[in-house]
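Subject: Handover of a structure

Dear colleague,

Please find the structure below. My notes on the ligand site and on some helix packing follow it.

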Amino acid sequence: MKPPPACRLDQVSLSLGDRTILQSISLEVGRGEQVAILGPSGAGKTTLLRMLSAGLPPSQGGVRVLDQNPWQLKRNGLRRLRSKIGFVHQDHALVPNLRVWQNVAVGRLGRPGNLGHIRRLTLASPSELRDLHEVLEQVGIADLLFQRTADLSGGEQQRVAIARSLYQQPALLLADEPVASVDPARAQQVMDLLLDLADSRDIPLVISMHDLELARRNMSRLIGLRNGRVLFDSTPGEVSESTIKELYALASQENEAP
Ligand SMILES: Nc1ncnc2c1ncn2[C@@H]1O[C@H](COP(=O)(O)OP(=O)(O)OP(=O)(O)O)[C@@H](O)[C@H]1O
Ligand SMILES: [Mg+2]
C-alpha cells in the first residue's frame, strides 16, 4: 500500500481580514520528495509553508500533515505534531545572546518562545553535548559550538538554524528562502547541504526560493505560486520560459495596477 503523503492540502484557502492570501490550493508532498516553491514577493510562499508546518489554520479546505489533521488535535497533540516538523525561517529566528549550542538545543524543546524551557538551556548533559556537536558537524560548524550566536556571520547563523531544525529529528523539513541572503556559490552549498541531509534522513524537503535556475538544477518538483494560487506544479523540464515569465510578469503588472 502506498504510504500517506507527508502533507496534503485539499482546496485550501486563507483569508485575513478582507484579503485572500491563498486560494483553492490542492497539493500533496510525498515521502522523500524535494519541492521548490517559487513565486514573486507577496505570492504567498511563506504563508503556504506555514500552512504545511501546521502553524496556521486555513479559512477553508482540508489540511493533513504527517497523516494528521492538525486542527482537530488538542494542544499537546498539536505540539507533538509540530515537534516533528523542522522549519528553517527566512530570518533564522535565533536568539542572538545565546551560545550556538543553546540555539540548536531549542530544536528539541518546542517552538521558540517557550519560556518554561529556557531553564533547560543553562546546562547540557555530556550526551546532549555530543549530539549537539554531531549535528553541528553535519552542517560544517562544529568548531562554533560555544560561540555567542550574535558574533557569527549571516551564513554561519543560517547553518545554526538548519542544525536546530535537524536536531529536532524532523519527519518533514521546510525552509523559507534559505538562500536569499548568500552569494551564488554559497547558495549552491546550502542547497547541497539541505538536499544531502534530507536524502540521508529520507525526509521530504520543501524550500521556498526566488532563484529559478537554482531550483531547476536542484529540485525534482517546482510549484509556482502567484497571487496565492498555484500556477504550475511540475518537474523542472516541464516548466517553460513563457510560464516563468507569466509567473513573474503578471504579478508585477497586477502589483502596479491602481
Ligand atoms: N498576518 C497577515 N496579515 C495580513 N496579511 C498578511 C499576513 N501574512 C501575510 N500577509 C499577506 O499575504 C501575502 C503573502 O505573504 P507571504 O509572506 O506569504 O509572501 P511571500 O511569497 O513569502 O513573499 P516574499 O517573497 O516577499 O517573502 C502578502 O501580500 C502579505 O502582505
Ligand atoms: Mg516569504
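Around ligand 1 there are 14 residues, of which S41, G42, K45, T46 and T47 come nearest; a residue is near a molecule if one of its heavy atoms lies within 4 Å of it. This is a predicted model, in which local features need pLDDT of at least 70 and side-chain atom pairs count only at pLDDT 80 or more, while totals for chains, interfaces and linings use all residues. Residues are numbered from 1 along each chain as its sequence is written, chains are lettered from A and ligands numbered from 1 in the order in which they are written, and side-chain values use heavy atoms, with hydrogens and water left out.

- G44: a backbone N or O atom is 2.9 Å from an oxygen atom of ligand 1.
- K45: an N or O atom in the side chain is 2.7 Å from an oxygen atom of ligand 1.
- T46: a polar side-chain atom is 2.8 Å from an oxygen atom of ligand 1.

Now the helices, which are DSSP runs of H or I with at least four residues, numbered from the N terminus. Axes are lines fitted to C-alpha atoms over the stretch in contact, and angles run from 0 to 180 degrees between N-to-C directions.

Helix α5 (residues 154-167) and helix α4 (residues 126-138) have axes that come within 9 Å and cross at roughly 125 degrees. α4 is therefore oblique to α5, since angles under 35 degrees count as roughly parallel, over 145 as roughly antiparallel, 65 to 115 as roughly perpendicular and the rest as oblique. On the α5 side, A163, L166 and Y167 are in contact (heavy atoms within 4.5 Å) with α4 residues, including L132 and V135.

α5 also packs against helix α6 (residues 184-201), at an angle of about 10 degrees and with the axes 12 Å apart. That makes these two helices, α5 and α6, roughly parallel. Q158, R159, I162 and L166 of α5 make this contact with α6 residues, among them L193 and L197.

Best regards

Key: A polar contact is a pair of N or O atoms within 3.5 Å; within protein, one must be able to donate a hydrogen and the other to accept it, and residues adjacent in sequence count only if both atoms are side-chain atoms.
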